[in-house]
Amino acid sequence: MIKQNRQFSPVFLLILMLFLSNLCSCSPIKSGKVSKSDFVLNTTATITIYDKKDEKLIDDCFNLCRKYESLLSRTIEDSEISLLNSRKTSLVSDETAELISQGLYFSRLSGGSFDITIEPLSSLWNFSAKSPSLPSEDEIDEAKSRIGYEAVTVTGNTVTFENEYTRLDLGAIAKGYVADKVKDYLVSQGVERAIINLGGNVQCIGGKTDKSGFEVGIQRPFDSGSIAGVSISDMSVVTSGTYERYFVENGKSYHHILDPKTGYPFENGLLSVTIIGKSSSYCDALSTACFALGKEEGMELINDMDGYYAIFITDDYKLHLSNGAETALKISY
């Protein structure tokens, strides 16, 4: 279910960067724009500040990304998550404890369709491998038997696992959490207009002007263009989609959003779910949770989340909007 360190195709990243560059060049924002890209969080990230021409601020942001990656990545050997998973510690930083607590909240909210203990299954499928392949049924059965967020508790800075096989994978929420922290840092430094793009997780500070937002495109699944666009100010846009990472074996396509109950990728008629709201970590988790629940239950969930909106794209390429989305976001087609 949980997407581990979501990656995007080079073509999509190029299109997104060109889109943002074009957006920057035509935005009537006071002079001082500076933009830089770097490889952090296992993806290409681009940060653009419009009202302060200070490259050091962006360098500080990338260093902040690396700091959080060293805490939250399950693939870095000495990260706090890796140490937790190997039972070498139960004490974690405030940030790691906060993110695990958020992950448990969304695990409960989705009834386990989103589950931060997905690691045995996500490691087994290993969509980040050069040549991923279909695991055996016995391997899948064993992996899914080890999943269950109920086995995790957080008390202060102490994380407790109730059994020996629980493992955490925060890949479905960590990038959004980092985007929020980067935004907090830039705001603390007096930045009023910026776009933080962490490999497709987009978080905005302010808007194009005081009266108009930034225009952000929603990708058409399995295509290089946009199927729609939204206008946002001080909001985040995060998408979970079947086209982000997948492989084909024996004529069947397998995408990376895994169902903890079956052990296989979800098959629910959805191609993608985009969530728009203030907190990027909430958008990140909700994009996976709503996808996992399917269009009907996912729509019920997002309609109960005040200030958060969704765009569901079904496999017939039709768009389905949550309550109030079209008015709040000025969606263009």
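Me: Ala, Val, Leu, Ile, Met, Phe, Trp, Tyr, Cys and Pro count as nonpolar, Asp, Glu, Lys and Arg as charged, and the others, Gly among them, as polar. How do the residues lining the largest pocket divide?

Reply: This is a predicted model, in which local features need pLDDT of at least 70 and side-chain atom pairs pLDDT 80 or more, while totals for chains, interfaces and linings use all residues. Numbering runs from 1 along each chain, and side-chain values use heavy atoms, without hydrogens or water. A pocket is an open set of points on a 1 Å grid where a 1.4 Å probe fits, with protein on both sides within 12 Å along at least five of seven lines, and lining residues have an atom within 4 Å of a point. For the largest pocket, the lining divides into eight nonpolar, five polar and three charged residues.

Me: Which strand gives the most to that lining?

Reply: Strands here are DSSP runs of E, at least two residues long, numbered from the N terminus. Both β11 (252-255) and β12 (270-277) supply at least two lining residues of the largest pocket. With four residues, the strand that gives the most is β11.

Me: Why is strand β6 largely enclosed by the rest of the structure?

Reply: On one side of β6, Asn 201, Gln 203 and Ile 205 are buried (under 20% relative accessible area, 1.4 Å probe), and on the other Val 202 and Cys 204 are buried as well. Strand β6 is largely enclosed because the number of its five residues that are buried is five.

Me: Which residue of β9 is the bridge partner of Gln 203?

Reply: Strands pair if DSSP finds at least two bridges between them, and β6 pairs in the antiparallel sense with β5 (residues 194-198) over five bridges, where Gln 203 partners Ile 196. Strand β6 also pairs in the antiparallel sense with β9 (residues 236-241) over two bridges. In β9, the bridge partner of Gln 203 is Ser 236.

How values were computed: Buried < 20%, exposed > 50% of the residue type's maximum accessible area, 1.4 Å probe, protein only.
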